[in-house]
Amino acid sequence: MQPILSILGGDMRQVCLARLLLEDGKEVMTWGLEQGGAPRGVPLDQALEGDVLLLPLPVCRSERLNLPLTDTELEAGRLWARLRYDQLLLGGMTGDLRARLMADYGLTLLDYYDREETQVANAVPTAEGALQLAMESTDHTIHGSRCLIIGYGRIGRLLADRLLALGAEVTVSARKYGDLAWIQAWGCQSIRTGALTGQLDRFDLIFNTAPALVLDGPRLREIREDCTVIDLASAPGGTDLAEARRLGRRVIPAPGLPGKTAPRTAAAAIRDSVYHILEERGEPI
């Protein structure tokens, strides 16, 4: 028997997810997405009766369910207490919440975002969104620009490829020697992330993908005033924003770009991940 899928909160990715699931012929209910025009909106009590509850990405903000598309607030603890142990919860960027829900409420929470296929699929709109921001926020072309990418993960690799295709001079920093070898093999200049100090004043554009503080006060002072920094890392990012403001450096925090620039593509990645999880668990799809 086909499960009833309830989508609780989230942003335009979850709105698009509801539409995609309906196009696939799934039984869908939504709650907390009315400002995004989500289909099949129902009261919370009804939504909580679903067999599979699809939660936001990230699930919570400040111990409340992530609900940017409704004026309603919902404390996460009050939500968990109302759920059944036989329901399956799927959310994004769950952190330690999975263990806490099992220990405190006997609930099964799995992370649809913490899967390789989802991460790769999300890296594509992130790289494209970063290029869009760069084009909109500078007065020069990417062609011929001296660009630095900090970090050589999924996003860093895709971004380097696209910047090269646009004619940029691309330098990529990484921590591992193996990554540095691949960076050079793909036609980019390489530098160890720990050796960035003293090298930053030559770049026109800097893209940070590292989820740790890399651009601190001393390094920000090296960056030219006409350089644009686009920080793609999840909050709190890899840039000291307060120090950047004090120094007058141009920094654009840009976490969660797929949900802003390509929500339908991001939603398709979530949908596929949900299907894969259900298939691996032997659940009906």
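Student: How does H1 pass H11, in a left-handed or a right-handed crossing?

Tutor: The general idea is to look at which way the near helix is turned from the far one: clockwise is right-handed. In this predicted model, the crossing of H1 past H11 is right-handed. The axes of H1 (residues 12–23) and H11 (residues 263–280) come within 8 Å and cross at roughly 60°. That angle makes H1 oblique to H11.

Student: Which residues of H1 and H11 make the contact?

Tutor: H1 brings Met12, Arg13, Gln14, Cys16, Leu17, Leu20, Leu21 and Glu23, while H11 brings Pro263, Arg264, Ala266, Ala267, Ala268, Ile270, Arg271 and Tyr275. Sorted by class, the contact of H1 with H11 has 11 nonpolar residues, 1 polar and 4 charged.

Student: Now for the cores. Which residues touch the most other members in the largest nonpolar core?

Tutor: Start with buried nonpolar residues whose side chains are joined to one another. Here the largest such core has 26 residues, and Ile7, Leu17, Leu21, Val52, Leu54 and Leu90 touch the most other members. At least two core residues come from each of strand E1 (4–8), H1, strand E3 (52–54), strand E6 (88–91) and H11. H11 gives the largest share, 7 residues.

Student: What is Leu17 in contact with, leaving aside its neighbours within four places in sequence?

Tutor: Its partners are Ile7, Leu54, Ala267, Ile270 and Arg271. There is also a second, separate core of 25 residues, with Leu133, Ile142, Ala174 and Leu232 among them.

Student: At what angle do the axes of H5 and H6 cross?

Tutor: For H5 (residues 116–137) and H6 (residues 154–165), the angle is roughly 40°, and the axes come within 8 Å. H5 is therefore oblique to H6, and their crossing is right-handed. On the H5 side, the residues that meet H6 include Val120, Ala123, Val124 and Ala127; on the H6 side, Ile155, Leu158, Leu159 and Leu163 are among them. The classes in this contact are 10 nonpolar, 2 polar and 3 charged residues.

Terms used. Residues numbered from 1 in each chain as written. Predicted model: local features only at pLDDT ≥ 70, side-chain atom pairs only at ≥ 80, totals over all residues. Heavy atoms only, no water. Axes fitted to C-alpha atoms, helices over the stretch in contact; angles between N-to-C directions. Helix = DSSP H or I, 4+ residues; strand = E, 2+ residues; numbered from the N terminus. Parallel < 35°, antiparallel > 145°, perpendicular 65-115°, else oblique. Contact = heavy atoms within 4.5 Å. Nonpolar A, V, L, I, M, F, W, Y, C, P; charged D, E, K, R; others polar. Core = buried A, V, L, I, M, F, W, Y, C linked by side-chain atoms within 4.5 Å. Buried < 20%, exposed > 50% of the residue type's maximum accessible area, 1.4 Å probe, protein only.
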